[in-house]
Amino acid sequence: MKEKLMRGSHALGLAARIIFSVVIIAVIIWKYDYFKELDIRGLISESANTAAAVGTVLGIYLLKSVVLVIPASLIYIAVGMAFPMHWALLINAAGIIIEVAVSYLLGIILGGPYVINKLEKTKYGDKILELHGKNKLSAIFLIRFLPVFPIDIVSLLLGAVRMRFLPYFAISLGGILPRVALFTVLGDGIYDYIPMRQITAVLAIILPIALVAWIIKYALSAKNKEENYGKPPFEPLSESRRYVIFDTDMGPDCDDAGAFAILNYLAKKYDVKLLGAANCTSNPFGNGAIRAIAEFCGVEDIKVGQHEGFELFKNDDKYNKPVTKKYCRFVNSSVNAEPAAEFYKKLLSKAEDNSVTVISVGMLTNIAEILEKEPKLFNSKVNSIVAMAGKFPSGKEFNIECDPEAASTVLEKFRNVIVFSGFEIGDKVMTGFTEKPLEDNPVFDSYRLYLGKKEPPYLRESWDLTAVQYAFEGCGEFYSLSKPMKMTVDKDGKITAVKDKYSKRYYLIQKAADDVIAEHLNGLLRKAVSGEEPAMQESAPAEIGEAVPQSIDNGQY
């Protein structure tokens, strides 16, 4: 019943938008000659009194904000000629307030997620969407200040992409009012030289064509959404067979080692290609530990990238250094790695669009860096991010506290789905080793050395393991997904999530008991460190297999 109501609501919303657009087109066509020959000075002079004249001007501003074809400069000049200068300036300012508010509201009504989704897929869409982001408001002011950008079209766009109203309103007035004052003062000195007939004719022709095209595209988009209604926002790797990049802070905790072992096991089980692993710390022995675990799990010559820049856990050697020296044949070469940004760029440049999932179980530093340097590449190639980070619906957590600026950058600049496995998910799920394996292995030693105990059990909370499990297996019986959430991070690393149906950010909600999840994860971990070859799952359907990039050859650049 609820599903039918939601579908009905969506259909009614689409119908209302179409009807509204058709009415606007009909009015423009019906009154085309009137708009073309609109004599603003005559309308003002024919008013019965001053109050009526002011009402006429404000009504013209209201009309202009909807039909979009009345040249703004003509209104400014006509008002400047008809009223004393100080009154003319006040009346035009009031008209601009009406115009920018109504056009913005119209943009919200006609725009929303459809416009945002379309812009994300265009060449310059990301730049438009980022205009009202952090440190971008100066660009909006410049667009408002320069007379080459139509007031109403820009207002529609900013309303459609859901720019916050108060900054929009303040910047709009600050940018537009200076030129309004200029045209108001100029009066007849320029009025007769403006080709009103030609301007109105061009706008009246272009606007209906644009609205018809929009209606067609919106209807097609709505049909596609209807077909995909009810599908989860994230398709697990066991079904999609996307490629994987693992991003880890190997060292500050041992659950990274367990998560990486499980990742390698599930990648074999579901025939998922691991492209490489990135170390988001400054400790080079983290690279060695990554290589040691990968080789133990049967992955030779794994590609490794490492964070460069400010220091992050450079001297954290509870297990990284001993594991590297014990299990890596050539220690010096094993600790070398490419700069993370170059690592990501090389891997993603050879991938097909929408073909990679990044699993992050550390700070989001590396991901933020590549998003800053290559936003188009990362957004086009990476389908989704699954991250162990945050505490939900609100709180502080280690991975975000260590680099809150990076977390904010990823939330702001990544255009696709992010699913967070928060601190609360694995906090009481204890996994690891209750007895020593038959032979030495780097995962066991990572737990043993980190926990600093002479004898088992070596158990640790399962924060990173839950993220990897979800990325491959989905919610299953263990988790459910939150509603879409708008997420923000403050300077102290506190993340806050509030419902926003247009967002692509989600967090996991634990559904199964702690011991049930622990039993499943421990089973995977035992298989991963025992060398047991998983039973291969059936290959992906042909259409999915064809979508997986073929240009990356066995992990080689």
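Trainee: What should I know about the model before we start?

Mentor: It is predicted, so local features need pLDDT of at least 70 and side-chain atom pairs count only at pLDDT 80 or more, while totals for chains, interfaces and linings use all residues. Residues are numbered from 1 along each chain as its sequence is written, and side-chain values use heavy atoms, with hydrogens and water left out.

Trainee: How many helices and strands are there in the protein?

Mentor: The protein has 28 helices and 14 strands.

Trainee: What makes Q469 buried?

Mentor: Buried means under 20% relative accessible area, exposed means over 50%, and partly exposed is in between, with a 1.4 Å probe and protein chains only. Q469 has a relative accessible area of 0%, so it counts as buried. You'll find Q469 in helix 26, residues 463-473. Across the protein, buried residues make up 52% of the 557 residues.

Trainee: Which residues does Q469 touch?

Mentor: Leaving aside residues up to four places away in sequence, Q469 touches G474, F478, Y479, I517, H520 and L521. A contact here means heavy atoms within 4.5 Å.

Trainee: Why is helix 5 called largely enclosed?

Mentor: Nine of the 11 residues of helix 5 (residues 72-82) are buried, so the rest of the structure largely encloses it. Among them are L74, I75, Y76 and I77. Helix 10 gets the same label because eight of its 10 residues are buried, including I151, V154, L156 and L158.

Trainee: What makes a group of residues a nonpolar core?

Mentor: The members are buried Ala, Val, Leu, Ile, Met, Phe, Trp, Tyr and Cys residues, joined through side-chain atoms within 4.5 Å. The largest such core has 64 residues, and F246, F260, L263, I359 and F472 touch the most other members. Helix 15 (residues 255-269) gives the most to this core, with nine residues. Another core, of 37 residues, lies apart from it, and includes A368, V382, I385 and Y507.

Trainee: Why is the group around L146 called a nonpolar patch?

Mentor: A patch takes residues with over 30% relative accessible area and no salt bridge; like charges are joined within 9 Å, and nonpolar side chains (Val, Leu, Ile, Met, Phe, Trp, Tyr) within 5 Å. A salt bridge puts a side-chain nitrogen of Lys or Arg within 4 Å of a carboxyl oxygen of Asp or Glu. L146 has a relative accessible area of 32%, so it is partly exposed. F141, L142, F145, L146 and F149 form the patch, with about 420 Å² of accessible area together. Such areas come from the Shrake-Rupley method with a 1.4 Å probe, and for residues only the protein chains shown count as cover.

Trainee: What makes F313 and N354 worth a look?

Mentor: Most residues other than glycine have a negative phi, and most peptide bonds are trans. F313 has a positive phi of about 55 degrees, and N354 has one near 65 degrees. F313 is partly exposed because its relative accessible area is 27%, and N354 is partly exposed at 43%.

Trainee: Where are the cis peptide bonds from F392 to P393 and between P456 and P457?

Mentor: P393 is in the loop between strand 6 (382-388) and strand 7 (394-396), and omega of the F392 to P393 bond is near 5 degrees. P457 is in the loop between helix 25 (442-451) and strand 10 (458-461), with omega about 10 degrees for the bond joining P456 and P457.

Note on methods
Helices (H or I, at least four residues) and strands (E, at least two) are DSSP runs, numbered from the N terminus.
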